[in-house]
Amino acid sequence: MKKAPSVGLSSLSKKTYTYINMNPLQRKEYTITSEKEKLLLDTLQKRTDTEAKRLLSYLALPDLTRTPHSPLYAVVQRLLSLPTLKDFDLITIPEIIPSSEVFDLFNFPKDHPARTSSDSYYVEGGYILRPHPSVMWKYYLDLPEVQQKLEENGRLGVMCYGKVYRRDEIDWQHSNVLHQIDGLYIVRKDIQNVVQQDLEAVLLEVAESLFGKNLKSRFSVDHFPYTDPSIEMVISWRDQWVEILGSGIPHPQVIKNLGLDPEVYTGWAFGFGADRLAMLKMQIPDIRLLRSTDERVTRQLTNIDNVYEPVSKYPPVVRDISFVVTDSELNINQYYEMIREVVGDEYVEEVKFLDEYRNAERWGEGRTSYTIRIVYRNLERTLTNEEVDALHSKLMTETEQRYKAAIRK
Ligand code: DAH
């Protein structure tokens with residue numbers, strides 16, 4: 001086997017760097033399929049419970065990073081063609097994967113909240129809908145061809161993008177089915193001793209390719225179990241700082257879990273929110289617009305360099321719900337999920353948590369009173385009061401029944 005050239009750091013001028021980096025790394029595309037995923041999809045289809053129906057409906061949503069008229073597609077294409085990333089391989093991985101791969105291999109502590117069913121969607125037998133694409137590290141590094149490439153060239157780069165699934169809040173920028181673009185770079189330490197600035201340079205290259213050279217951005221410390229250090233990037237957008245990604249240097253323990261020697265290899269990795277990038281780039285004010293079928297919206301979304309002009313914004317209808325519930329009955333993320341299911345994403349713009357308080361004398365021990373505000377608004381038409389009343393009373397009934405809650409009038 002050919003030995004990779006050993007290049008001392010000091011002799012790494014920009015030119016040699018480019019030469020070694022780019023030539024052997026011709027982009028290749030890998031698609032990983034899983035028999036288990038097919039079986040689990042079959043079982044989901046045979047199930048008649050609401051959870052199964054819900055999971056299938058999320059899985060059936062189009063992947064906007066692969067939908068040519070979506071701005072997410074354009075964002076991905078732009079990233080894939082950047083000088084630093086243009087030779088990176090691409091990998092597509094299954095959507096239903098074992099939680100042991102997502103969490104154990106990636107160093108998530110046993111009590112990490114992402115492992116619970118209030119954050120992640122469990123399908124069956126420890127399999128979940130993937131909550132981020134970073135798990136591709138494993139699928140990629142498991143490929144014999146990739147291992148050989150690493151041995152020969154001493155470096156590798158790969159990207160993976162698509163839908164991810166997490167139970168989450170409901171507001172203009174959050175959805176439970178979203179899209180991320182992940183990148184991973186692995187290199188032998190004797191070729192390049194990666195430092196945080198290397199990673200920051202790549203992240204800037206990505207952000208500037210979308211938002212221009214005048215972009216104001218900041219890096220700050222973050223925490224992810226699989227990178228150390230971990231950093232997040234925020235950019236200045238309409239006078240606020242908005243987070244656009246998480247990233248870091250792969251954690252030595254994870255490198256080891258994936259079969260490489262952390263004494264020998266290092267690298268960097270990132271995960272951009274694709275919906276977020278598209279929305280900020282085009283100034284799209286509500287994440288639901290990305291899946292709109294309204295021609296006045298879709299027409300505008302075809303060119304990522306457009307600034308989105310809101311089609312007339314229909315008035316919101318605001319209703320609060322207050323209820324008292326036994327603490328063990330309620331999990332707030334699951335409650336959000338129920339709102340999505342009972343009322344429907346197309347009618348809810350935002351759910352705000354107004355207050356939460358205990359009063360043993362009034363409600364009894366271990367019980368809490370919650371007040372939650374629902375902002376009802378449809379993107380395409382005005383909702384009537386009667387319509388909203390019907391949706392809201394359905395929500396109250398379900399809250400009473402599923403959570404054994406007492407509605408406060
Ligand atoms: N998956 C993280 C998130 O969804 C972001 C992230 C991606 C962090 C890749 C990283 C990384 O450190 O390497 O928020």
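Helix 2 (residues 35-46) and helix 3 (residues 50-60) pack at an angle of about 130 degrees, and their axes are 8 Å apart. Keep in mind that this is a predicted model, where local features need pLDDT of at least 70, side-chain atom pairs count only at pLDDT 80 or more, and totals for chains, interfaces and linings use all residues. Residues are numbered from 1 along each chain as its sequence is written, and side-chain values use heavy atoms, with hydrogens and water left out.

**The helix pair**

- Helix 2 and helix 3 are therefore oblique to each other (angles under 35 degrees count as roughly parallel, over 145 as roughly antiparallel, 65 to 115 as roughly perpendicular and the rest as oblique).
- On the helix 2 side, Leu 41, Leu 44 and Gln 45 meet Ala 52, Leu 55, Leu 56 and Leu 59 of helix 3 (contact means heavy atoms within 4.5 Å).
- Sorted by class, that contact of helix 2 with helix 3 has six nonpolar, one polar and no charged residues.

**The cavities**

- The structure holds two cavities of 30 Å³ or more (on a 1 Å grid, a cavity is a set of points where a 1.4 Å probe fits but cannot get out, and lining residues have an atom within 4 Å of a point).
- The largest cavity has about 140 Å³ of space.
- Its lining has seven nonpolar, two polar and four charged residues.
- The second largest cavity has about 30 Å³ of space, and its lining has eight nonpolar, no polar and no charged residues.
- Trp 137 and Pro 250 are among the residues lining the second largest cavity.

How values were computed
Axes are lines fitted to C-alpha atoms, for helices over the stretch in contact, and angles run from 0 to 180 degrees between N-to-C directions. Helices (H or I, at least four residues) and strands (E, at least two) are DSSP runs, numbered from the N terminus. Ala, Val, Leu, Ile, Met, Phe, Trp, Tyr, Cys and Pro count as nonpolar, Asp, Glu, Lys and Arg as charged, and the others, Gly among them, as polar. On a 1 Å grid over the protein atoms alone, a cavity is a set of points where a 1.4 Å probe fits but cannot get out, and a pocket is an open set with protein on both sides within 12 Å along at least five of seven lines; lining residues have an atom within 4 Å of a point. Grid points are joined across faces, edges and corners, and a volume is the space filled by probe spheres set on the points.
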